[in-house]
Amino acid sequence: MGVAIKIDNVTKRYGSNTVIEGLSTDIRAGEFFTLLGPSGCGKTTLLRMIIGFNSIEEGEIYVDSKLINNIPTNKRNMGMVFQNYAVFPHMTVKENVAYGLKTRKLPKAEVEKRVEEILSLIKIEEYRDRMPSQLSGGQQQRVALARAIVIQPEVLLMDEPLSNLDAKLRVEMRNVIKRIQRQIDITTVYVTHDQEEALAISDRIAVMDHGVIQQIDTPKRIYQRPSNLFVSTFIGLSNVLEGNLQKGKEDWEVLIGSYRFPTPPLKASAEEGAILVSVRPEEFLIAEVGQPGIPAVVRSSVFLGVNLHYFLETEKGQEVEVISQSDLGEIIPDDTRVALQVVTQKINIFHPQSKETLIREDA
Amino acid sequence: MMKNASRRSNFWMFITLCILALFLIFVVYPLSMILYKSVIDPVSGGLTFDNFTRFFTRKYYTNTMINSFKVTFVATGISAVLGLLIAYITRSIRIRGSKTLNILIVISYLSPPFIGAYAWIQLLGRNGLITKVINALIPGTNFGGIYGFAGIVLVFSLQSFPLVYMYVAGALQNLDNSLNEAAESLGASNFKRIRSIIVPLVLPTVLASSLLVFMRVFSDFGTPMLIGEGYRTFPVVLYNQFMGEVSNDDFFSAALCVIMMLITLVFFFIQRRISRRHSYSMTALKPMEPRRVSRKLSILSHGFVYLVTLLALLPQLMVIATSFLKESTPGMFTSTLTLDNYLNTIVAKNNKVIGNTYLFGLGAILLVVVIGVLISYLAERKRSALTSTLDTLTMLPYIIPGSVIGIAFLYSLSRPPLMLSGTATIIIIALALRRMPYTIRSSSAIIGQISPSIEEAAVSLGASEMRSFRQVTLPMMLPGIMAGAIMSWITVISELSSSIILYRANTQTLTVSIYVEVIRNNFGNAAAYSTVLTLTSVLSLILFFKLTGRKDISV
């Protein structure tokens, strides 16, 4: 029973430097909403405006239809998990978790009960009496999570909570966070610069750049149908090729060199002329020379078990990366001439100037 | 290869043994001498505890002890609270001119406490400036000036809080702001946050710095001597006893020294126990940032910080002002400007005071830096039972009052083959010893930050161990060592408690001269000397800031 957050036309300024200008978005009740973007894109700034560490210069933020602009942080009833855990080093695990309940002056028995519940939910009962210095990074982050949700906040905010953990723990904690969020059904705003993490954990992702939200969508849509070139190259890997859009016999066709193929459904605004074609490494197929395709030469290959990466150079001298499933066949030797084909319905097409997608919304 | 390796370890062994020998001669032997004298019957030469019984059974002596504890506890408490408050305010609230304030507070700390005592007498004493104003403004009052307990506490508190301030400000710098924010997000009010997060986290630092204040206040005799009047404290009795104004009983003085050492030792261990249990290693990704606060709170904070800084600085301002004024009778300054005070003192013929101060100071710094760096290197990188012993041994002067070191030196180094009393050497060694623990600790911290693999890389590239120390580790340590050396210099030149016991007419330093002139009622001369000392400290401090580019200071 989470609550919705409405961010309405908010602006953040530091002196004369505007970090976020007129940003609006709606975060749905109970959803796992991720702010994703490169460092300095304003994602943490926005998060800190929601919790109240940053002032809001213009615009309004509503939580559950209640204006919160002027409510001090300690009255907002939001839980926050910090990048460096921010576990109080002078308190035991239990004292850390109980801290927020004690500030709310709950009866002792109630505090005890709720702390125990959360400790077992997060699976850290056995560390109950340890000091933070005796815990690993992952355990400390569990304490931080327990501490944030035990107060039964309306909203849970997380600021790059996994970035200080090693790769294996990151995946483990990612699953813990997702499980807990589902279990207690709480509206969660999550900040990260790690796109894989964002894809894995979110219901919806807002990709941000320069203080502007570029796209808000499900992880699947963000990856498969990026709304502009920035999203396409920031999320996953994209090979961007120059091409031409032409009206074919029945439908639109893309022309790269002499390689011609049909497009996914395009917007009504699409026009003939130059375009940018964005092809993910797994959307390429390597065919033999002579077949239709973009002529290219294999420069090197890397065998990674699950799949096989080829690095090729097109006839125009552009480097492209191709990922193919590793099967039992031979690895194509370096310097082999090949023809590169694309999985036509999966590729994305962008306007060369505006860099916006030309693919129709329902494609 | 084998030959090389053994030559290397021989070299470090030789260094270790040399330093160990020095510490045996100049720390262990003098202290043993004091212990020995305190329990020896001068007539029969047998074992006796008479000196201790005498001290603890006579009300005259036990009262001085009670007085000392009262003064020390109250002054330490006030210093801790003031230091903590000012550190927190300047770190968390935007204060105009806070950088300047920081330097001013440090400067107010850099003078021997007794200068504060004599300056406050001129302000709040019987004929003090402020006393007269009070008595004139409020008819019917007959304020007799601030002496005794109140006077001593006032001087010590204002003189010592900067120490707590400097330490706590440093600790707050290491406190990550996300801890504050976490508490805030969990619903804690400002007050609750300070009480439950900030104070507990800086408590070990407050305690450690309070211990330094405690030991400084407990063993200082200059201040109670000047402003205490009838209020006798333990160090005053020790000093009088030793200097022989009342009587001259070496054996009783030795017992007093032992009692003093035991007390500081006890407090040292209490402090360490509490701190150990509550110490947290913290490094801040993002330290607290001074915030804008409501107008009311801002005005209040500004007022408080400025007032305390002004009060702390007042003695030095007073001294600088009076150094240019003519005295009518001792202590009574007219409004006539004059340079007489300087002409009579530092510029006078045969006056070696400044030369002595600089010479002893530089000599001591040189000793401290060379030996300190070697010891910290040995203790950090060549750990063995021997180097650990050395490390512990060098910490001793940290908990032994300067006057006790002075007295111990005179007892032990006044006869052949170590006939050092009255020489410059003995003063330089005493100054170096007193500063050594601080230098070792800061050098150890610097070495700790240099990865051993850097040195190993040099060795793997063919450098000898000596060469890698000289060409890799040492140059990397140098900036830190230089910064530490300047701070050592500033503290060494304002040292009084051991030099006052060891000086002779031809080895007077600035602090000793100030004290002597004050005791002789030559306040003008004292003010002139004092101004030179302050000037030296301020210039050194500016040099420190310029050379290191640092904004903060640790003493």
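In chain A, residues 24 or more positions apart account for 66% of the contacts with a separation of 6 or more. This value, like those that follow, was computed from a predicted model. Chain A contains eight helices and 20 strands, and its C-alpha trace spans about 80 × 50 × 35 Å along the principal axes. Of the 363 residues of this chain, 41% count as buried.

The interface between the two chains was examined next. Here, 20 residues of chain A are in contact with 19 residues of chain B. On the side of chain A that touches chain B, the elements giving two or more residues are strand E6 (78–81) and helix H2 (93–103) of chain A. This side of chain A divides into 10 nonpolar, eight polar and two charged residues.

In soluble globular proteins, nonpolar side chains tend to be buried together. The largest nonpolar core of the present model holds 240 residues, of which A:Ala146, A:Leu157, B:Val164, B:Val168 and B:Cys257 touch the most other members. The element giving the most to this core is helix H7 (residues 148–173) of chain B, with 16 residues. When neighbours within four places in sequence are left aside, the contacts of B:Val168 are B:Gly83, B:Leu84, B:Ala87, B:Val202, B:Thr205, B:Val206 and B:Ser209.

Helix H11 (residues 234–243) of chain B is largely enclosed by the rest of the structure, because eight of its 10 residues are buried. These buried residues are B:Phe234, B:Pro235, B:Val236, B:Val237, B:Leu238, B:Tyr239, B:Gln241 and B:Phe242. Their cover includes helix H3 (59–92), helix H9 (190–219), helix H10 (222–227), helix H12 (250–277) and helix H17 (402–412) of chain B. After H11(B) comes B:Gly244, which has a positive phi, near 75°.

Helix H17 of chain B, part of that cover, also packs against H18(B), at an angle of about 140° and with the axes 11 Å apart. The crossing of these two helices is right-handed. In H17(B), B:Gly402, B:Ile405, B:Gly406 and B:Phe409 meet B:Ile426, B:Ala430, B:Leu433 and B:Arg434 in H18(B). Five nonpolar, two polar and one charged residue make up this contact.

A further partner of helix H18 (residues 424–448) of chain B is helix H16 (residues 385–399) of chain B; their axes come within 7 Å and cross at roughly 120°. H16(B) passes H18(B) in a left-handed crossing, whereas the crossing of H17(B) and H18(B) is right-handed. From H16(B), B:Thr394, B:Met395, B:Pro397 and B:Tyr398 meet B:Leu433, B:Arg434, B:Met436, B:Pro437 and B:Ile440 of H18(B). The residues of this contact comprise seven nonpolar, one polar and one charged.

Another helix pair of chain B is formed by helix H22 (residues 510–519) and helix H23 (residues 523–548), which pack at an angle of about 160° with their axes 8 Å apart. The two helices are therefore roughly antiparallel to each other, and H22(B) passes H23(B) in a left-handed crossing. B:Leu510, B:Thr511, B:Ser513, B:Ile514, B:Glu517 and B:Val518 in H22(B) meet B:Phe523, B:Asn525, B:Ala526, B:Tyr529, B:Ser530, B:Val532 and B:Leu533 in H23(B). This contact divides into eight nonpolar, four polar and one charged residue.

Technical notes: Residues are numbered from 1 along each chain as its sequence is written. Chains are lettered from A and ligands numbered from 1 in the order in which they are written. This is a predicted model: local features need pLDDT of at least 70, side-chain atom pairs count only at pLDDT 80 or more; totals for chains, interfaces and linings use all residues. A residue is buried if 20 or more other C-beta atoms lie within 10 Å of its own, exposed if 12 or fewer, and partly exposed in between; C-beta atoms are placed from the backbone. Helices (H or I, at least four residues) and strands (E, at least two) are DSSP runs, numbered from the N terminus. Two residues are in contact if their C-beta atoms, placed from the backbone, lie within 7 Å. Axes are lines fitted to C-alpha atoms, for helices over the stretch in contact, and angles run from 0 to 180 degrees between N-to-C directions. Angles under 35 degrees count as roughly parallel, over 145 as roughly antiparallel, 65 to 115 as roughly perpendicular and the rest as oblique. A crossing is left-handed if the near helix is turned anticlockwise from the far one by less than a right angle, and right-handed if clockwise. Ala, Val, Leu, Ile, Met, Phe, Trp, Tyr, Cys and Pro count as nonpolar, Asp, Glu, Lys and Arg as charged, and the others, Gly among them, as polar. A nonpolar core is a set of buried Ala, Val, Leu, Ile, Met, Phe, Trp, Tyr and Cys residues joined through C-beta atoms within 7 Å.
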